[in-house]
Each structure stands twice: as C-alpha cells, then as structure tokens.
Amino acid sequence: MFELAAIFLLCAVALSYLIVTETDLLKAIAYSGVFGGLILLTLYVLMAPDVILAYVAISVGLSTGLMVFVVSKTTRHEVV
C-alpha cells in the first residue's frame, strides 16, 4: 500500500514542476487540479477518509474554481 502512495507522490512532484514552469495559466490550473487528485489518491491509500472529504471540497473544487475565475479577469499567458 505504501508503495502505491509513494508512486502517487512521485507523480505529484513531477506534476508540480510542470505547474511552476507552465506559462499558460489555464494549463497550470488544470495541472494543479490533477495534482490535487494525486494527493487525494494518496490520502485514500493511506486510509484517511475524513481528510479526503475536506480536501475534495477545498482544494479540488473551491481552489480550482477561484483560480479559473481570477485568470478569466487577467491575461491567459504569463508575461515574463
């Protein structure tokens, strides 16, 4: 079981690199949602159902929705 959690966390680390380096903000938000899903699967494997319920509502739903709203008020691509 812990090996599966470690695989999910390694994928989350690789995905966090993509989130930081992506210049298209909507793609970065989508990667962030997938990142939240991987953390959610890790918590499921570690048998923490109460944490999963809170994490789904806050991280995957509310946070992603707010970020998409904020990006819709600005430009889509990051200007360096």
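## Overall layout

The protein has three helices and zero strands. Helices (H or I, at least four residues) and strands (E, at least two) are DSSP runs, numbered from the N terminus. Along the sequence, the pattern reads α-α-α. This is a predicted model, in which local features need pLDDT of at least 70, side-chain atom pairs count only at pLDDT 80 or more, and totals for chains, interfaces and linings use all residues. Residues are numbered from 1 along each chain as its sequence is written, and side-chain values use heavy atoms, with hydrogens and water left out.

The C-alpha trace spans about 40 × 25 × 10 Å along its principal axes. Of the 80 residues, 24% count as buried. Buried means under 20% relative accessible area, exposed means over 50%, and partly exposed lies in between (1.4 Å probe, protein chains only). Take the contacts between residues at least 6 apart in sequence: 59% of them join residues at least 24 apart. Contact means heavy atoms within 4.5 Å.

## H1 against H2

Two packed helices are described by the angle between their axes and the distance between the axes. Helix H1 covers residues 2-21, and helix H2 covers residues 25-45. Their axes come within 9 Å and cross at roughly 165 degrees. Axes are lines fitted to C-alpha atoms, for helices over the stretch in contact, and angles run from 0 to 180 degrees between N-to-C directions. H1 and H2 are therefore roughly antiparallel to each other. Angles under 35 degrees count as roughly parallel, over 145 as roughly antiparallel, 65 to 115 as roughly perpendicular and the rest as oblique.

H1 brings residues including Leu 4, Phe 8 and Leu 15 to the contact, while H2 brings residues including Tyr 31, Phe 35 and Leu 38. By class, the residues of this contact are 17 nonpolar, three polar and no charged. Ala, Val, Leu, Ile, Met, Phe, Trp, Tyr, Cys and Pro count as nonpolar, Asp, Glu, Lys and Arg as charged, and the others, Gly among them, as polar.

## H2 against H3

Helix H3 runs over residues 49-72. H2 and H3 pack at an angle of about 180 degrees, with their axes 10 Å apart. That makes H2 roughly antiparallel to H3. Among the contact residues are Gly 33, Gly 36 and Gly 37 of H2, and Val 56, Val 60 and Met 67 of H3. This contact has 15 nonpolar, five polar and no charged residues.

## The nonpolar core

The largest nonpolar core has 10 residues in all, including Ala 5, Phe 8, Leu 38 and Ile 52. A nonpolar core is a set of buried Ala, Val, Leu, Ile, Met, Phe, Trp, Tyr and Cys residues joined through side-chain atoms within 4.5 Å. H1 and H2 are the elements that give two or more residues to this core. H2 gives the most, with five.

Ile 52 touches Leu 40, Leu 43 and Tyr 44, leaving out residues up to four places away in sequence.

Thr 42 is found in helix H2. Thr 42 is buried, with a relative accessible area of 4%. Beyond its neighbours within four places in sequence, Thr 42 is in contact with Ala 5, Phe 8 and Leu 9.

Thr 23 has its place in the loop between H1 and H2. Thr 23 counts as partly exposed, at 39% relative accessibility. Thr 23 touches Arg 76, His 77 and Glu 78, not counting residues up to four places away in sequence. Thr 23 and Ala 54 are 31 residues apart in sequence, and their C-alpha atoms are 30 Å apart in space.
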